[in-house]
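The sequence and structure come first, and the notes follow.

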Amino acid sequence: MFDVEAVKERLTAFGYETGEGDDFSLSFCVEKVRGSIRNRTHLDIVPAGLEAAAVDMAAGEFLQAKKTFAPDSLTGLDLGAAVKQIQAGDTNTVFAPGEGSLTAEQRLDIFIRHLQARESEILHYRRLKW
């Protein structure tokens, strides 16, 4: 289910440990995403198929606010843990070419944009409004 606890678990998976001071911000981000999805889809609820996307969007909103207002609190976030290359036999696949030239802030911005960019998924649930 899409709620504050799901967003907390997602942030923990990214290496960010939430504290008591984060509760209001998390609740606000969840309600903001919930309202945004309802406005875009013209539905009264967040559809079950969008719950995972909604959790990522709320996590992205939260991280964006933290980056803006309390950037020092994001030091535990490990942006270098993502898989960059897989080699299986003769096949070599590189997922992040040129990433070595990006700063930590640039990688964080890319990560946040990835979490928030779910418009195409939301459009699948859109209903006409008369």
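Val4, Val7, Lys8 and Leu11 in α1 meet Asp23, Leu26, Ser27 and Val30 in α2, where contact means heavy atoms within 4.5 Å. This is a predicted model: local features need pLDDT of at least 70, side-chain atom pairs count only at pLDDT 80 or more, and totals for chains, interfaces and linings use all residues. Residues are numbered from 1 along each chain as its sequence is written, and side-chain values use heavy atoms, with hydrogens and water left out.

- By class, the contact of α1 with α2 has five nonpolar, one polar and two charged residues (Ala, Val, Leu, Ile, Met, Phe, Trp, Tyr, Cys and Pro count as nonpolar, Asp, Glu, Lys and Arg as charged, the others, Gly among them, as polar).
- The axes of α1 (residues 4-13) and α2 (residues 23-41) come within 9 Å and cross at roughly 110°.
- That makes α1 roughly perpendicular to α2, a term for angles of 65 to 115 degrees.

**Arginine 34**
- Arginine 34 lies in helix α2 and, at 19% relative accessibility, counts as buried (under 20% relative accessible area, with a 1.4 Å probe and protein chains only).
- Its side chain makes a polar contact with the side chain of glutamate 31 at 2.6 Å.
- Not counting residues up to four places away in sequence, arginine 34 touches Phe2, Asp3 and Val46.

**Phenylalanine 24**
- Phenylalanine 24, also in helix α2, counts as exposed at 65% relative accessibility (exposed means over 50%).
- Phenylalanine 24 and valine 4 are 20 residues apart in sequence and 9.7 Å apart in space, C-alpha to C-alpha.

Notes. Axes fitted to C-alpha atoms, helices over the stretch in contact; angles between N-to-C directions. Helix = DSSP H or I, 4+ residues; strand = E, 2+ residues; numbered from the N terminus. Parallel < 35°, antiparallel > 145°, perpendicular 65-115°, else oblique. Polar contact = N/O pair within 3.5 Å; in protein donor to acceptor, adjacent residues only side chain to side chain.
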